[in-house]
Amino acid sequence: MKMYQFLKTRHHKEFMRDIQSQFVKNILTDVCTNPKESGAAFAPSNIALCKYWGKRNPSLNLPVNSSLSISLGSLGTRTEIRLHDTPATWADRVYLNGQLQPPESSFVQRVTSFLNLFCPMLGNVHFEVRTENNIPTAAGLASSASGFAALVIALDDLAGWGLDKKQLSMLARLGSGSASRSVYDGFVQWNAGSNSDGMDSFAEPVFKPWQEFCIGILELSDARKPVSSRDGMNRTVETSELYKSWPQQAAADLKTIRAAIESQDFPLLGKTAEHNALSMHATMMAAWPPLLYLQPETIEQIHKVQRVRSKGLEVYLTIDAGPNIKLLFLEEDEASVASTFPGLKTIKPFGSC
Ligand code: 2P0
């Protein structure tokens with residue numbers, strides 16, 4: 001059995017829970033719990049310019065490579081959480097955008113199994129979670145990133161732990177790797193770390209605002225992706241010969257993107273981010289069974305971006321594990337980019353949306 005298949009077995013899930021519970025205990029060792037009735041938080045969504053692709057430890061969501069993202073300002077998830085002490089028949093209730101979700105749905109299962117990791121500190125309780133996403137639907141923006149970040153920060157608010165951002169980032173990471181970056185605004189670097197206990201794998205802010213920086217969301221398809229990012233990256237690590245060169249390239253790209261942010265060198269940032277995203281897709285296509293998230297419309301738009309760039313429009317692209325494209329450009333080109341790509345939704349991470 002391949003490792004990515006083994007990761008789905010009950011045996012592995014139980015093993016994973018033990019490791020995650022221990023990790024949560026380690027973080028909360030010297031912390032006092034002082035719960036109130038409810039807690040609330042907002043966390044932004046984020047888009048990686050240097051992608052996270054591949055785990056060195058799937059139980060603790062420890063990545064193979066460090067990554068760097070940009071948070072999307074006021075686009076993200078707002079979550080409110082309440083405690084209910086028993087009755088035993090009561091189950092956790094999870095609302096998404098005002099709708100009570102079926103307990104057997106994968107969304108509820110993921111949220112409740114994450115929250116259950118914290119039950120030893122909170123007693124025999126049930127949770128009521130109300131979560132609202134204002135991310136454009138079907139835009140291919142990872143709602144698990146802002147979702148788990150908002151959930152952890154709301155839980156900290158409810159429990160009165162007073163955790164710092166580094167601890168919040170590590171706990172959000174347990175829910176979803178990219179969530180570790182969503183505890184901050186602006187440019188954010190998630191350090192892969194090298195320790196097996198996961199205590200050195202957390203995100204940090206880059207502290208370099210760039211007012212003119214724009215992101216354009218090009219929605220091309222709202223089809224549900226056939227393979228989740230999680231399964232896709234595990235399969236890539238396991239079966240893609242091309243993946244062997246990925247960690248080295250990602251490390252070099254991260255360094256270049258950091259330098260481009262420092263010097264506000266937009267062409268350098270743009271071309272490195274585009275190269276990084278397309279290289280990640282190359283590792284996926286070389287997996288077996290192959291992972292092809294790009295649709296015909298995606299390929300068409302990649303050609304278009306290259307064509308308009310060759311005519312002098314400074315626009316670059318990045319793509320996550322899906323068919324939609326995110327354009328990168330500066331405010332001075334906003335009008336030209338918008339007229340070239342009809343239907344584009346522009347986000348200014350350092351300004352107003
Ligand atoms: C990223 N992605 O850096 C990369 C680029 C998708 C492509 O992080 O298994 O949902 O929960 O840690 O965070 C999506 O993966 O995966 C992702 P898990 P996650 O944004």
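Modeller: With one leucine. L291 is buried, with a relative accessible area of 3%. Keep in mind that this is a predicted model.

Biologist: Where does L291 lie in the chain?

Modeller: L291 lies in the loop between α9 and α10.

Biologist: Which residues is L291 in contact with, leaving aside its neighbours within four places in sequence?

Modeller: They are V227, G232, R235, T236, M284 and M285. L291 and G39 are 252 residues apart along the chain, and their C-alpha atoms are separated by 39 Å.

Biologist: Is L292 buried or exposed?

Modeller: L292 is exposed, with a relative accessible area of 55%. L292 is also found in the loop between α9 and α10. The cut-off for exposed is over 50%.

Biologist: Which peptide bond is cis here?

Modeller: The bond from W288 to P289, with omega near -10°. P289 has its place in the loop between α9 and α10 (296-310).

Biologist: Next, backbone angles. What is phi of F207?

Modeller: Phi of F207 is near 55°. That is a positive value in a residue other than glycine. F207 is found in the loop between β9 (203-205) and β10 (213-218). At 72% relative accessibility, F207 counts as exposed.

Biologist: And what is phi of Q264?

Modeller: Near 50°, again a positive value in a residue other than glycine. Q264 sits in the loop between α8 (246-263) and α9. Its relative accessible area is 34%, so Q264 is partly exposed.

Biologist: Now the rings. How do I read an aromatic pair?

Modeller: A pair of aromatic rings is described by the distance of the centres and the angle of the planes. A search of the whole structure finds 11 aromatic pairs. Among them, F187 and F350 form a tilted pair. Their centres are 5.4 Å apart, with 45° between the planes.

Biologist: Why does the pair of F187 and F350 tie together separate parts?

Modeller: F187 lies in strand β8 (residues 187-190), and F350 in the segment after β13 (345-347), so the pair ties together parts that are 163 residues apart in sequence. F187 is buried, with a relative accessible area of 2%.

Biologist: Why is the pair of F266 and Y316 edge-to-face?

Modeller: The planes of F266 and Y316 are at 70° and the centres are 5.8 Å apart, so the pair is edge-to-face. Planes over 60 degrees apart count as edge-to-face. F266 lies in helix α9 (residues 266-285) and Y316 in strand β11 (residues 316-318), so this pair ties together parts that are 50 residues apart in sequence. Both F266 and Y316 are buried.

Biologist: Which residues do ring pairs link into a cluster?

Modeller: F187, W210, F213, F266, Y316 and F350.

Biologist: What does F187 touch, not counting residues up to four places away in sequence?

Modeller: Its contacts include L49, L68, I70, F207, W210, F213, I261 and F350. R309 gives another landmark: the C-alpha atoms of F187 and R309 are separated by 24 Å, with the two residues 122 apart along the chain.

Biologist: Which residues lie over the face of a ring?

Modeller: R130 lies over the face of Y95, at 3.8 Å from the ring centre. K304 lies over the face of F341, at 4.9 Å from the ring centre.

Biologist: Last topic, helices. How do I describe two that pack?

Modeller: Two packed helices are described by the angle between their axes and the distance between the axes. Helix α3 (residues 106-116) and helix α5 (residues 143-159) pack at an angle of about 35°. Their axes are 12 Å apart. The crossing of α3 past α5 is right-handed.

Biologist: Which residues of α3 and α5 meet?

Modeller: From α3, R110, V111, F114 and L115. From α5, S144, F148, L151, V152 and L155. The residues of this contact divide into 7 nonpolar, 1 polar and 1 charged.

Biologist: How many residues of helix α6 are buried?

Modeller: In α6 (residues 165-175), 8 of its 11 residues are buried, so read the helix as mostly covered. The buried residues include L168, M170, L171 and L174.

Definitions and conventions: Residues are numbered from 1 along each chain as its sequence is written. This is a predicted model: local features need pLDDT of at least 70, side-chain atom pairs count only at pLDDT 80 or more; totals for chains, interfaces and linings use all residues. Side-chain values use heavy atoms; hydrogens and water are left out. Rings of Phe, Tyr and Trp (its six-membered ring) pair if their centres lie within 6.5 Å; planes under 30 degrees apart count as stacked, over 60 as edge-to-face and the rest as tilted. Helices (H or I, at least four residues) and strands (E, at least two) are DSSP runs, numbered from the N terminus. Buried means under 20% relative accessible area, exposed over 50%, partly exposed in between (1.4 Å probe, protein chains only). A charge sits over a ring if NZ of Lys or CZ of Arg is within 6 Å of the ring centre and within 35 degrees of the ring normal. Axes are lines fitted to C-alpha atoms, for helices over the stretch in contact, and angles run from 0 to 180 degrees between N-to-C directions. A crossing is left-handed if the near helix is turned anticlockwise from the far one by less than a right angle, and right-handed if clockwise. Contact means heavy atoms within 4.5 Å. Ala, Val, Leu, Ile, Met, Phe, Trp, Tyr, Cys and Pro count as nonpolar, Asp, Glu, Lys and Arg as charged, and the others, Gly among them, as polar.
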